[in-house]
Amino acid sequence: MSSISLQNITKQFGDFTAVNKLNLEIANGEFMALLGPSGCGKTTTMNMVAGIESASNGQLLFDGKPPTSQKLQDRGIGFVFQNYAIFTHMTVRDNLAFSLTVKKRPTDEINRRVTAMAKRMSIDHRLAELAGSLSVNEMQKVAIARSAIAEPKVFLLDEPLSNLDAGFRAYMRAELKILQHEFKQTMIYVTHDQIEAMSLADRIAIMDKGKLMQVGAPLDVYNNPANIFVARFVGSPAINMVDGEVRTSGSSAYLGVANGQQIELPSDLHQLFSKSISSAVSLGIRAQEVRAGQASDHDIIIPGRVDVVERIGPVKVAHVETQIGILKCMQGVELAQAGQHLILNLPVAKCLAFDTTTGNRLI
Ligand code: ATP
């Protein structure tokens with residue numbers, strides 16, 4: 001185990017800033033996911049931790065001290081990439097034994113650890129086979145087992161499951177979590193898949209264009225996104241977001257949207273908005289919180305017509321056309337059908353508001 005501290009880390013490639021003043025503290029034994037869209041700087045950050053790239057600026061500390069070596073093995077780091085990195089011409093057994101053999105561990109210890117790890121990853125029946133003859137799923141298992149067997153202090157995984165088929169990916173997600181509990185390594189896990197990050201990580205660091213947007217526990221970033229980017233990136237289906245302008249008229253307040261329509265805001269939301277600095281506001285609410293049916297005084301009420309009903313496993317998502325655009329609704333829509341007229345209730349307490357210009361959270 002090792003703690004990792006990234007302090008004001010910047011990485012330039014010529015004039016281009018791939019990682020911009022990144023500050024991130026990763027605790028001993030923590031499972032940290034780096035989440036963000038393609039090109040946001042996740043792999044570059046990981047490569048700097050691994051010593052594959054050096055930072056242009058800033059400081060990287062392991063257990064409070066600068067790394068003494070650029071080499072992965074000297075830093076006690078195990079690395080698993082998207083594309084399995086194994087010796088295809090060697091047997092599975094020799095692949096698993098490789099790092100222990102290099103370290104000149106006694107033969108009986110190597111045999112014991114190889115057998116235990118192979119069992120652990122359910123590849124014990126493949127030990128005698130050439131690694132290159134395995135399926136892609138199994139090769140990635142070997143790659144993970146091959147890194148894990150060395151019991152690195154820090155385990156870096158860069159999109160390790162993205163080439164695997166969906167069912168196996170779900171299985172491996174659970175396996176990785178168990179593996180981390182057993183070995184208690186510090187793990188950094190790069191992914192662009194928010195479901196993967198939400199289900200695996202203790203905390204998630206969400207990045208965009210080289211910058212850290214927010215870091216927090218999965219439910220924390222889901223319930224309390226710091227900005228529009230995080231609100232949109234995390235959660236499925238994507239959050240409902242309505243851009244508009246807050247207008248007041250006497251004691252009432254309205255959110256006017258681009259098509260000239262407006263919705264009346266309940267007084268408690270109006271009061272919250274009056275404290276905000278911006279009148280250009282994006283109102284966000286998750287589909288899970290929108291309810292079709294009876295209204296309460298603390299709801300924003302919007303009539304609409306069901307455009308389409310999507311089924312996601314056992315639940316349904318109604319896409320409802322309203323005067324302020326399509327809103328997704330997941331409560332009270334079990335029997336909803338296309339063409340049906342509904343009243344949507346958006347509980348004020350579940351509404352998030354953002355400054356449209358800066359993207360920052362207001363409420
Ligand atoms: P992906 O999921 O697509 O791998 P990422 O979030 O991991 O994306 P990085 O691979 O870290 O992103 O790349 C961040 C940015 O830095 C990208 O715009 C990429 O093109 C650029 N970049 C990465 N490596 C280099 C390099 N060696 N030279 C120049 N630009 C680079």
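Predicted model: local features only at pLDDT ≥ 70, side-chain atom pairs only at ≥ 80, totals over all residues.
A residue is called buried here when its relative accessible area is under 20%.

**Helix 3**

Begin by selecting glutamate 109 and arginine 113, both of which are buried. The two form a salt bridge, with their closest N and O atoms 2.6 Å apart. Why are these two residues separated by about one helical turn? They stand four residues apart in helix 3, which covers residues 107-120.

**From helix 3 to helix 4**

Next, display glutamate 138 and arginine 126, whose side chains meet in a salt bridge with an N to O distance of 3.1 Å. This pair links distant parts of the chain, 12 residues apart: glutamate 138 belongs to helix 4 (residues 136-148), while arginine 126 sits in the loop between helix 3 and helix 4. Is glutamate 138 buried or exposed? Its relative accessible area is 14%, so glutamate 138 is buried. Arginine 126, at 24% relative accessibility, counts as partly exposed.

**Helix 5**

Select aspartate 202 and lysine 177, where a further salt bridge is found at 3.7 Å, N to O. Aspartate 202 lies in the loop between helix 6 (194-200) and strand 8 (203-208), and lysine 177 lies in helix 5 (residues 166-183), so the contact ties together parts that are 25 residues apart in sequence. Aspartate 202 counts as partly exposed, at 35% relative accessibility.

Remain in helix 5 and select phenylalanine 168 and tyrosine 171, which are three residues apart, about one turn of the helix. Phenylalanine 168 is buried at 14% relative accessibility, whereas tyrosine 171 is partly exposed, with a relative accessible area of 32%.

**Aromatic rings and a charge**

How many aromatic pairs are counted? The count comes to four. One of them joins phenylalanine 87 and phenylalanine 98: the ring centres are 4.8 Å apart and the planes stand at 55°, so the pair is tilted. Phenylalanine 87 is in the loop between strand 5 (77-80) and helix 2 (92-102), and phenylalanine 98 is in helix 2, so the pair ties together parts 11 residues apart in sequence.

Then centre the view on tyrosine 222. Arginine 286 lies over the face of this ring, at 4.2 Å from the ring centre.

**Helix 1**

Now select residues 42-50, which make up helix 1. Eight of its nine residues are buried, so the helix is largely enclosed by the rest of the structure. Among the buried residues are Lys42, Met46 and Asn47. Glycine 51 follows helix 1, and its phi is positive, near 90°.

Which strands form the open sheet? Five strands do so, in the order 12-11-10-13-19, with antiparallel pairing. Strand 12 (262-265) and strand 19 (352-355) are the edge strands, each pairing on one side only. Neighbouring strands of this sheet are turned by 40° against each other on average, direction ignored.

Within the sheet, select residues 240-249 and 252-257: these are strand 10 and strand 11, joined by six bridges. Threonine 248 has alanine 253 in strand 11 as its bridge partner.

Finish at aspartate 299, which lies in strand 15 (residues 299-312). Aspartate 299 is buried, with a relative accessible area of 7%. A polar contact of 2.8 Å joins its side chain to that of arginine 291.

Note on methods: Residues numbered from 1 in each chain as written. Heavy atoms only, no water. Pairing = 2+ DSSP bridges. Axes fitted to C-alpha atoms, helices over the stretch in contact; angles between N-to-C directions. Buried < 20%, exposed > 50% of the residue type's maximum accessible area, 1.4 Å probe, protein only. Polar contact = N/O pair within 3.5 Å; in protein donor to acceptor, adjacent residues only side chain to side chain. Salt bridge = Lys/Arg side-chain N within 4 Å of Asp/Glu carboxyl O. Phe/Tyr/Trp six-rings, centres within 6.5 Å; stacked < 30°, edge-to-face > 60°. Lys NZ or Arg CZ within 6 Å of the ring centre and 35° of its normal.
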